[in-house]
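Have the sequence and the model open side by side.

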Amino acid sequence: MPYDRWPLSTPGAALSSCLRRDKEDRATNAHKFIFGPVRSGRLGLSLGLDLLGARICTFDCLYCEVGPTDTLTVSRKPYIPAARLLEELAAVKAAGCGPIDAITLGGLGEPTLNTDCGAIIAGAKELFPDVPVAVLTNSSLLSDPQVRRDIAGADIVLPSMDTLVATEYRRVNRPHPSMDLAAIRRGLLEFRSGYAGRLFLEVLLLAGGNDTEENLELLREFCRELAPDRVDVVTMSRPGAHPGAAAAASEVLVRFRQALGVTAPSPAGEAFEGHGPAALRARVPAAGQADDLAARIAASVTRRPQTAQGLSLALGQTLADVQAALDTLERDGAVRRERAGEEIFYSG
Ligand code: SF4
């Protein structure tokens, strides 16, 4: 059903209780934590929810597209309270922004750090009963039974597991010191055993980082146990957070895909779609700002480096309009360009 034709119904119990809480945190400006909709290879047209509002993560991955993690933590908190996010989501629904295939919990880091993620899932489902709710996660907190319970209500969970080799894990994912790879592995398996929804596993490979035979063998065994509904093996296609991160070779990707039983084509060929930030490409314009393309582009590339073509697709604008806005922003010093292989990426 087209997004703008969904009726605005009376909020149900979960939504009402969230809307009552944290009134002081409510929006002063609309659409601060909701992005898109954006096209995702795995989810279709997806509306992204930012549950963190800042670069807060349990990892500081070499390849992260939104830059180094500012707050490396395992502390769970209502970083963006459910009441705040659901109020914004209700406003987006009321404004209408076209059809969507999924609502995706992500953010500028690890969304399960937000203790309100279960309430946000429940509230999103009340607002959009016909739209699947998805969660992007780096899997790091799934060893916590409460986190597993919190996200069990999602229709799709997209966990990542880049390596099961401890040295590679520390080198590539650069976790919080308290994180334990074996516990994460067990947590993901435990989540799978009690989860009724669909599970899409993602493995991101870096050249010289985790593209080893040892990792391939461990992941092969793990996938047999986990039995995900889908596996994607990808590599970075944009500048990462840290210099030295390099994309894995095509033949390595092919070898891992064959070993892990990848059947579906990976999103955008070999490209990383991201754990959280990559799902949040385009800011939904507030009322009256729909034509402010430059502001939307500036907001979007601040969160994630993108090409002009990517922005054009995500924002539904012609390439010529997007390029003109980018040129103006670059002249004003609001964005900068960076070449990665054959492509030019813009960042805030
Ligand atoms: S890629 Fe994902 S898990 Fe890694 S630092 Fe960025 S947000 Fe965190």
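At roughly what angle do the axes of helix H2 and helix H3 cross? The axes of H2 (residues 82-95) and H3 (residues 117-127) cross at roughly 20° and come within 10 Å; axes are lines fitted to C-alpha atoms, for helices over the stretch in contact, and angles run from 0 to 180 degrees between N-to-C directions. H2 is therefore roughly parallel to H3, a label for angles under 35 degrees. The crossing is right-handed, meaning that the near helix is turned clockwise from the far one by less than a right angle. On the H2 side, the contact (heavy atoms within 4.5 Å) is made by Ala82, Leu85, Leu86, Leu89, Ala90 and Lys93. H3 supplies Ala119, Ile120, Gly123, Ala124 and Leu127. Nine of these residues are nonpolar, one is polar and one is charged; Ala, Val, Leu, Ile, Met, Phe, Trp, Tyr, Cys and Pro count as nonpolar, Asp, Glu, Lys and Arg as charged, and the others, Gly among them, as polar.

This is a predicted model, in which local features need pLDDT of at least 70 and side-chain atom pairs count only at pLDDT 80 or more, while totals for chains, interfaces and linings use all residues. Residues are numbered from 1 along each chain as its sequence is written, and side-chain values use heavy atoms, with hydrogens and water left out.

The chain has eleven helices and eleven strands; these are DSSP runs numbered from the N terminus, helices being H or I of at least four residues and strands E of at least two. Of its 348 residues, 56% are buried, that is, under 20% relative accessible area, with exposed over 50% and partly exposed in between (1.4 Å probe, protein chains only).

Thr104, in strand E5 (residues 102-106), counts as buried because its relative accessible area is 1%. Its side chain makes a polar contact of 2.5 Å with that of Ser46; such a contact is a pair of N or O atoms within 3.5 Å, where within protein one must be able to donate a hydrogen and the other to accept it, and residues adjacent in sequence count only if both atoms are side-chain atoms. Thr104 and Ser46 are 58 residues apart along the chain, with their C-alpha atoms separated by 6.4 Å. Asn138 lies in the loop between strand E6 (133-137) and helix H4 (145-151). At 3% relative accessibility Asn138 is also buried, and a polar contact of 3.0 Å joins its side chain to that of Thr58.

Conventions:
Angles under 35 degrees count as roughly parallel, over 145 as roughly antiparallel, 65 to 115 as roughly perpendicular and the rest as oblique.
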